[in-house]
Amino acid sequence: SSLQEERPGSEVIQTGDLSIDLSRRRVTVAGNEVELTATEYSLLAELARNAGKVMLHEELLARVWGPEYRDESDYLRAYIRYLRRKLEQDPAHPQYILSRPGIGYYLLIRA
């Protein structure tokens with residue numbers, strides 16, 4: 001049997017031109033595959049699994065980097081910046097990864 005066949009449980013989060021295939025670990029923008037580092041992908045996958053819900057800074061840090069990184073907000077800010085550079089048309093005015101200042105980040109679901 002082919003390993004390429006579509007698994008019924010395949011999870012794809014789609015928002016605007018951004019598509020995140022959690023079962024295949026593939027991210028595309030307008031159909032073009034985007035190369036992400038393991039950490040960038042983990043962060044994006046966390047946001048995607050909780051799309052539309054604000055994820056607290058500590059929550060994201062603990063899930064992506066581990067509980068001992070709960071207070072390392074600079075890590076998180078840096079990686080959000082990297083993701084926006086790779087995924088957003090205009091990183092200064094993000095359409096996908098939005099922030100609630102002082103609280104956290106969320107992936108906006110757009111039609």
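Reader: Which side chain does D21 meet in a polar contact of 2.8 Å?
Author: The partner of D21 is S23, and their side chains are joined by that contact of 2.8 Å. A polar contact is a pair of N or O atoms within 3.5 Å; within protein, one must be able to donate a hydrogen and the other to accept it, and residues adjacent in sequence count only if both atoms are side-chain atoms. This is a predicted model, in which local features need pLDDT of at least 70, side-chain atom pairs count only at pLDDT 80 or more, and totals for chains, interfaces and linings use all residues. Residues are numbered from 1 along each chain as its sequence is written, and side-chain values use heavy atoms, with hydrogens and water left out.

Reader: Is D21 buried or exposed?
Author: D21 is buried, because its relative accessible area is 8%. Buried means under 20% relative accessible area, exposed over 50%, and partly exposed in between (1.4 Å probe, protein chains only).

Reader: Where is D21 found, and what does it touch?
Author: D21 is found in strand 2. Helices (H or I, at least four residues) and strands (E, at least two) are DSSP runs, numbered from the N terminus. Not counting residues up to four places away in sequence, D21 touches E11, V12, R26 and Y41. Such a contact requires heavy atoms within 4.5 Å.

Reader: What about I20, what is it in contact with?
Author: With neighbours within four places in sequence left aside, I20 is in contact with E11, V12, I13, R26, V27, L44, A48 and L107. I20 is also among the residues that touch the most other members of the largest nonpolar core, together with V27, L87, I97 and L107. That core has 27 residues. A nonpolar core is a set of buried Ala, Val, Leu, Ile, Met, Phe, Trp, Tyr and Cys residues joined through side-chain atoms within 4.5 Å.

Reader: Which element supplies the largest share of this core?
Author: Helix 1 does, with six residues. Elements that each supply at least two residues include strand 2 (18-21), strand 3 (26-29), helix 2, helix 3 and strand 7. In soluble globular proteins, nonpolar side chains tend to be buried together.

Reader: Changing topic: what order do the strands of the open sheet take?
Author: The three strands are ordered 5-7-6 and pair in an antiparallel manner. Strand 5 and strand 6 (97-100) are the edge strands, each pairing on one side only. Two strands pair if DSSP finds at least two bridges between them.

Reader: How many bridges join strand 6 to strand 7?
Author: Four bridges join these antiparallel strands, and L98 has Y106 in strand 7 as its bridge partner. The two strands form a hairpin with three residues between them, and G102 in the turn has a positive phi of about 80°.

Reader: Which helices lie across strand 6 and strand 7?
Author: Helix 1 lies across strand 5, strand 6 and strand 7, at about 70° to strand 7. Helix 3 lies across strand 6 and strand 7, at about 145° to strand 6. Axes are lines fitted to C-alpha atoms, for helices over the stretch in contact, and angles run from 0 to 180 degrees between N-to-C directions.

Reader: And helix 2, which residues are buried there?
Author: In helix 2 (residues 57-64), the buried residues are H57, L60, L61, A62 and V64. Their cover includes helix 1 (38-49), strand 5 (55-56), helix 3 (73-87) and strand 7 (104-107). Just after helix 2, G66 takes a positive phi of about 115°.

Reader: How many salt bridges does the structure hold?
Author: There are eight. A salt bridge is a side-chain nitrogen of Lys or Arg within 4 Å of a carboxyl oxygen of Asp or Glu. One of them joins R26 and E33 at 3.2 Å, N to O.

Reader: What does E59 pair with?
Author: E59 forms a salt bridge with R63, their closest N and O atoms being 3.4 Å apart. Both lie in helix 2, four residues apart, about one turn of the helix. An α-helix has 3.6 residues a turn, so residues three or four places apart point the same way.

Reader: What is the closest N and O distance between R77 and D74?
Author: For that salt bridge the distance is 2.6 Å. R77 is partly exposed, with a relative accessible area of 40%, whereas D74 is exposed at 56%. Elsewhere, salt bridges that share partners join E46, R49, K53, E59 and R63 into one network.
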